[in-house]
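Biologist: I have the model open and would like to go through it with you. Could you take my questions one by one?

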Amino acid sequence: MTLHPREGLGGSLLSRRRLLQLGALAAAAGTGALAGCSGRPTTTAESPVRLSRPDNPVRLPRFDDVPAIADGLQPETGGTLKVFNYPEYLSPDVLTAFGKQYGVDVEVTTFTTQEEAIAKLRTAGIAFDVYFPTVDIIGKVVAGKLLQPLNHSYLPNLGNAWPQLRDPFYDQGSQYSVPYAAFTTGVGYRTDVVSSVPPRGWDLLFDSVYKGKVYILDDPREAISMALLRAGQTDLNTEDSALIRAAGQMLASLIDAVNVKVGITGYQLLADGQASVHQVWSGDIINAQYYLPEDVGNEVLGYWYPQDLKGPVGTDTIAIPASADKPVLAHVFLNHLLDNDVAMENFSYTGYQPALTVATPERLVADEYVPEHLVAAVITPDHYSKGLQELQLSADGDALWLDEWAKFRAGS
Amino acid sequence: MTALDQRPDLAPAATDQRRRRARGLGGALWPLLATPGTLWLLAFFVLPFYAIAAVAFGYRDPIFGSTVPEWDPRYWSFDVFLDVLNRSLFGDLRAVFLRTLVFVVVALALCMLAGYPVAYYLARFAGRRRGLLLALILAPWWINYLTRMLAWLSLLQDDGYVNKVLMAFNIVRAPVSWLSGNPYTVVLALVYGYVPFFIVPLFATLDRIDERLLDASHDLGSGRVGTFLRVTLPLSAPGLATATVVTALPMFGDYYTNTLVSGSPTTSMIGNEIELYLLGGSRKDVGASLVLLLSALLMAMMAYYLISSLRSDRPAS
C-alpha cells in the first residue's frame with residue numbers, strides 16, 4: 001500500500017475518490033490488491049493494525065507527527081484535567097485528592113463502549129487528557145494516531161505493575177499505555193441457593209434447577225467465550241465460523257434449559273437475590289458485597305473460576321490522547337494511579353483490583369477488601385499468564401461474533 | 001358623497017381587485033407560514049434520515065473497523081442492507097420482527113380495551129369533573145418513566161406485592177415469575193407505558209361528537225348499544241386510528257421496556273436488535289439498515305392511515 005488508509009478518512013472526499021480510482025485501476029490491472037471489494041475501501045485484509053496475542057507481541061508504530069513530551073517539564077496547573085473513562089471506574093476521592101494536590105479540577109466524562117469512546121476521540125475539537133482504552137482496541141487507536149507516546153521519565157511507578165505488564169504483549173515497551181485494573185470472568189452465585197458447584201462451574205449456568213434466575217453477561221465476547229470454554233475450546237479469539245456457530249447454539253440451549261437472561265448488573269442482581277447464578281466479572285462479585293440488603297451477610301456470595309486457571313482474564317490500560325491539553329499533568333496522573341496506596345484506595349471504590357504486585361490475595365483479604373471465601377475473585381500474575389484473553393479480531397471475525405450474538409439475542 | 005357613490009359601477013371592480021390582491025398576498029403568505037415547519041422537518045427528519053441511510057450504505061474504516069457514513073449516494077453500497085433484508089425475511093431476524101408485531105398488536109388491543117371506556121366516560125359522562133379526571137389519569141406520567149418502571153420491578157418480584165396479593169386471594173397457587181423473561185409482562189409494560197397516549201387523542205375525538213347526532217339516533221329508535229355501534233364508534237374511528245398510530249410508532253421502536261422487565265432473548269423486540277448493533281460493536285451499518293427497514297414498515301402503515309383518514313374525511317366535507 002502506497003496510500004496510507006488514513007488519507008482517505010480525513011474528511012476529504014477527493015482523496016478517497018482517488019483511492020477508489022486507484023483501487024479500480026489495481027483491480028483492473030489484476031494485482032488483486034483491492035479486487036473483490038467493489039471499489040470500496042473495505043480492505044479488511046490489509047488493515048494496518050496488527051493483531052497482538054500473548055505469543056505474538058506487538059510493538060506499536062510511532063509517528064513523527066505525534067511526538068512524546070520532553071523530559072523534565074513542569075505539570076500544567078489551573079483549569080481542568082479531562083478524564084475519559086467508563087462510569088464508576090475511578091474513585092471520586094482519589095480524583096479530588098489529586099485535583100487538590102495539583103491545583104486543577106478533575107472532570108470525568110464517561111463512555112459505555114470503546115466504539116463510542118473512539119468516535120468521540122476522533123471528533124475534532126474534543127480533547128481529553130487521560131483515556132482508558134482496553135487491550136483489544138489499543139492497536140486501532142494508536143494506528144489512528146489518537147494516542148501520544150508516553151515519556152517514561154514521568155512514570156517511575158510503572159515498576160509497581162505486574163512484571164508481565166511492564167512490557168506487555170499488546171504494547172511492547174509500554175510505549176502508549178500503562179496497566180490499570182485486572183479481572184477474570186467467572187460464575188457468580190448465591191451460596192444460599194446453590195448447594196454444590198460442579199467441577200466445571202460453567203455448568204451452573206445450564207442447570208435447570210435455577211431456571212428463571214440465570215444470567216449471562218450482555219457481551220458477545222464474554223458470552224460466546226463462555227460457551228467455547230465449556231465446549232473445551234481455549235482459543236477465545238477464534239474466527240472459525242463452525243466453532244462460533246456451535247458456541248451460539250450452546251448459548252441458545254440456555255433459553256430452554258434455564259430461560260436465560262442477559263445483563264451486566266450481576267453485582268446488584270446477585271445481591272438482591274433476583275439472580276441465583278450470573279456470569280460476572282470478578283470485580284462485580286467484589287462489589288456485590290455493598291449491594292446486599294442490610295440483614296444479609298456476604299457469605300451468600302460465591303464465585304467460581306476454573307481451577308486450572310484456563311478462564312478469561314483481562315486487563316485495562318490508561319493512556320494519554322494525542323489531543324491532550326495537559327500532557328505533563330496527565331503523565332503525573334498516570335503515575336499517581338500506579339502508586340501502591342492510591343491504587344488500593346481506588347480499588348476500594350471500583351472493586352476492580354489494580355494490576356500491581358502489591359495487590360496480592362493475602363493482602364486483599366487481610367485488609368478486608370475481599371472476604372476470605374471470595375478469594376477466587378482475586379487475580380494474580382499467575383492467573384494472568386495462564387488465563388485466556390479476549391483480544392482484537394479481524395473485522396470479518398468481529399462480524400462473525402457479533403452476528404452470532406445477535407442471533408442468540410433474537411431468541412431464534 | 002364620494003366618487004364611488006356617484007359611479008357605483010366602479011365599486012365591484014375595486015372590491016374584486018382588493019380580493020384578488022388579498023388572494024395574491026395569501027398565495028405568498030400561506031406557504032411562507034409553512035416554512036418553519038418545513039425547515040423543522042428538513043432539519044430533524046430528512047437530515048437524520050439521510051444520515052441513517054449514509055451509515056447503512058456506508059463502508060468499513062480500515063483502521064478502526066467501524067462503519068463510516070457515506071454521504072455521496074453514488075458510492076452507496078447496499079450489500080449490508082440486502083443481507084439484513086434477507087435475514088429479516090428468511091433468517092434469524094424474522095422471528096424478532098414477527099414477535100415485535102405480535103407484541104405491539106396485542107398491546108394495542110389491550111390499550112383499546114382499557115383506553116376506550118376511559119376516554120368514552122371522560123367525554124360523555126364526566127361532566128364538569130372531566131378536567132380533574134383527565135389530570136388524575138395523566139398524573140402517574142408526571143413521574144419519570146424509569147422511576148415508574150423500577151417501582152414495578154420491585155412490585156413484580158417473586159416475593160413482591162403483586163404475587164402476595166394474587167396468592168392471598170388464591171388467584172394463583174405459586175408465585176408468578178413476572179420478571180423471568182415473561183412475554184405477558186413485556187406486553188403489559190408496553191400497555192402501561194403508552195396507554196395515556198392512546199386515551200388523550202381518543203378523548204379529543206369522542207368529545208367533539210355532536211350530541212344531537214346521538215339524540216337523533218335515540219329518536220330514530222336505536223337503543224344505547226345500537227347508538228354506540230352505529231353512531232359513536234364510526235364517528236370515533238379517526239380518533240382510534242390516530243391513537244393507534246401515536247402509540248404504535250413508539251412501541252415498535254421501544255427497547256428499554258424489554259430490557260428492564262425481561263432481559264430474556266425470548267422476548268427481544270426489533271428495538272433490542274437495533275440497540276445491540278448501534279450501541280456496541282463495529283457493525284453500525286447493520287443497525288442502521290434495521291432502522292431503515294423498520295421505518296419502511298412504519299411508513300407503509302402511516303401511508304395506510306393517511307389514505308384511510310383522507311377517505312373518511314371526504315364524505316364529511
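Biologist: What share of the contacts in chain A with a separation of 6 or more comes from residues 24 or more positions apart?

Modeller: In chain A, 75% of the contacts with a separation of 6 or more are between residues 24 or more positions apart, a contact being two residues whose C-beta atoms, placed from the backbone, lie within 7 Å. This is a predicted model, in which local features need pLDDT of at least 70 and side-chain atom pairs count only at pLDDT 80 or more, while totals for chains, interfaces and linings use all residues. Residues are numbered from 1 along each chain as its sequence is written, and chains are lettered from A and ligands numbered from 1 in the order in which they are written.

Biologist: And what is that share in chain B?

Modeller: For chain B, residues 24 or more positions apart make up 64% of the contacts with a separation of 6 or more.

Biologist: How many helices and strands does chain A have?

Modeller: Chain A has 13 helices and ten strands, and chain B comes to 13 helices and two strands; helices (H or I, at least four residues) and strands (E, at least two) are DSSP runs, numbered from the N terminus.

Biologist: What percentage of chain A is buried?

Modeller: Of the 412 residues in chain A, 46% are buried, and of the 317 in chain B, 31% are. Buried is a matter of 20 or more other C-beta atoms within 10 Å of a residue's own, exposed of 12 or fewer, and partly exposed of anything in between, with C-beta atoms placed from the backbone.

Biologist: Where is Val280(A), and why does it count as buried?

Modeller: Val280(A) sits in strand β7 (residues 277-281) of chain A, and it counts as buried because 32 other C-beta atoms lie within 10 Å. Leaving out residues up to four places away in sequence, Val280(A) touches Gly186(A), Gly188(A), Gly266(A) and Ile285(A).

Biologist: What about Pro57(A), where is that?

Modeller: Pro57(A) lies in the loop between α1 (13-28) and β1 of chain A, and it is partly exposed because 15 other C-beta atoms are within 10 Å. Gln172(A) is 115 residues away from Pro57(A) along the chain, yet their C-alpha atoms are separated by 6.8 Å.

Biologist: Switching to chain B, how do α8(B) and α10(B) cross?

Modeller: The axes of α8 (residues 183-208) and α10 (residues 224-253) of chain B come within 8 Å and cross at roughly 155°, where axes are lines fitted to C-alpha atoms, for helices over the stretch in contact, and angles run from 0 to 180 degrees between N-to-C directions. That angle makes α8(B) roughly antiparallel to α10(B), a label for angles over 145 degrees.

Biologist: Which classes of residue make up that contact?

Modeller: The contact of α8(B) with α10(B) has 14 nonpolar, five polar and no charged residues, with Ala, Val, Leu, Ile, Met, Phe, Trp, Tyr, Cys and Pro taken as nonpolar, Asp, Glu, Lys and Arg as charged, and the others, Gly among them, as polar.

Biologist: Last topic: how many residues does each chain give to the contact between chain A and chain B?

Modeller: Chain B gives 32 residues and chain A gives 38. On the side of chain B that touches chain A, α12(B) gives the most, with five residues, and that side divides into twelve nonpolar, 14 polar and six charged residues.

Key: Parallel < 35°, antiparallel > 145°, perpendicular 65-115°, else oblique.
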